[in-house]
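Welcome, and thanks for taking a look. Please open the structure below and keep it beside you as you read.

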Amino acid sequence: MIERAKWISDQRPQFSTGMTIFGGQEALITFEDAQLCYIHGVFSGAIVLGQSFIEQSICGLAYSAGKFAEDDRPGYHDAVEFLDENDILASDDVEGVALNELHQRRNPIVHYRGPIDGTTFSGRKMEHIRENPETKALTIYDMLKEDAEMVLKTCFSVSRTFGVGDRIG
């Protein structure tokens with residue numbers, strides 16, 4: 001737990017009191033809770049909440065850039081596409097996982113996949129064994145932790161790029 005808290009401390013951007021994050025309080029809640037999940041070893045929670053933070057932030061940024069009307073609720077993929085097309089933020093301008101690939105880390109956790117689907121942890125483990133039979137395959141724990149770290153790096157990158165000091169209406 002101490003090692004994971006240190007990892008967060010080393011990676012996390014530093015914020016000043018009173019600064020806000022695109023996406024409002026909901027984004028801030030998921031940002032903090034994703035980190036707490038990681039610290040406590042609840043890696044699936046860090047992945048899902050991290051994705052939620054990124055979605056709140058990216059949609060909030062697209063909304064504040066004028067893409068969506070006041071009563072619109074922007075979808076994540078539409079927001080990512082808008083930001084990319086308008087040279088505001090390209091999908092691969094962030095550290096961690098590219099914004100248009102992030103769902104690949106979350107979806108196997110929240111949506112059913114067949115047992116040998118290549119996106120599941122079992123499928124990924126089998127693929128690793130087929131491709132690298134001479135090496136020891138990662139455990140599910142290791143894969144979850146690695147995915148959580150990649151998602152959190154993306155969270156930190158998004159918050160560094162656009163989140164600090166900006167406020168939506």
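## Helix H4 and its end

Which residue just after H4 takes a positive phi? In this predicted model, that residue is Asp87, with a phi of about 55°.

Within H4 (residues 76-85), the buried residues are Tyr76, Ala79, Val80, Phe82 and Leu83. They sit on the same side of H4, because they cover an arc of only 165° around the axis. Their packing partner is helix H3 (43-64).

## Helix H2

H2 spans residues 24-39, and its 16 residues reach 23 Å from the first C-alpha to the last, close to the expected 22 Å. Its buried residues include Ala27, Phe31, Ala34 and Tyr38. Just after H2 comes Gly41, with a positive phi of about 80°.

## Salt bridges

You will find 5 salt bridges in the structure. In one of them, Arg12 pairs with Glu32, their closest N and O atoms lying 3.1 Å apart. Arg12 is in the loop between helix H1 (2-11) and H2, while Glu32 is in H2, so this pair ties together parts that are 20 residues apart in sequence. Arg12 is partly exposed at 22% relative accessible area, and Glu32 is partly exposed at 29%.

Have a look at Asp147 too, which is linked with Arg105 and Arg124 in a network of salt bridges. The N to O distance is 2.8 Å for Asp147 and Arg105, and 2.7 Å for Arg124 and Asp147. Arg124 belongs to helix H6 (residues 121-131) and Asp147 to helix H7, 23 residues apart. Asp147 is buried, at 0% relative accessible area, whereas Arg105 is partly exposed at 23% and Arg124 is partly exposed at 23%.

Notes. Residues numbered from 1 in each chain as written. Predicted model: local features only at pLDDT ≥ 70, side-chain atom pairs only at ≥ 80, totals over all residues. Heavy atoms only, no water. Buried < 20%, exposed > 50% of the residue type's maximum accessible area, 1.4 Å probe, protein only. Helix = DSSP H or I, 4+ residues; strand = E, 2+ residues; numbered from the N terminus. Arc of directions from axis to C-beta. Contact = heavy atoms within 4.5 Å. Expected span 1.5 Å × (residues − 1). Salt bridge = Lys/Arg side-chain N within 4 Å of Asp/Glu carboxyl O.
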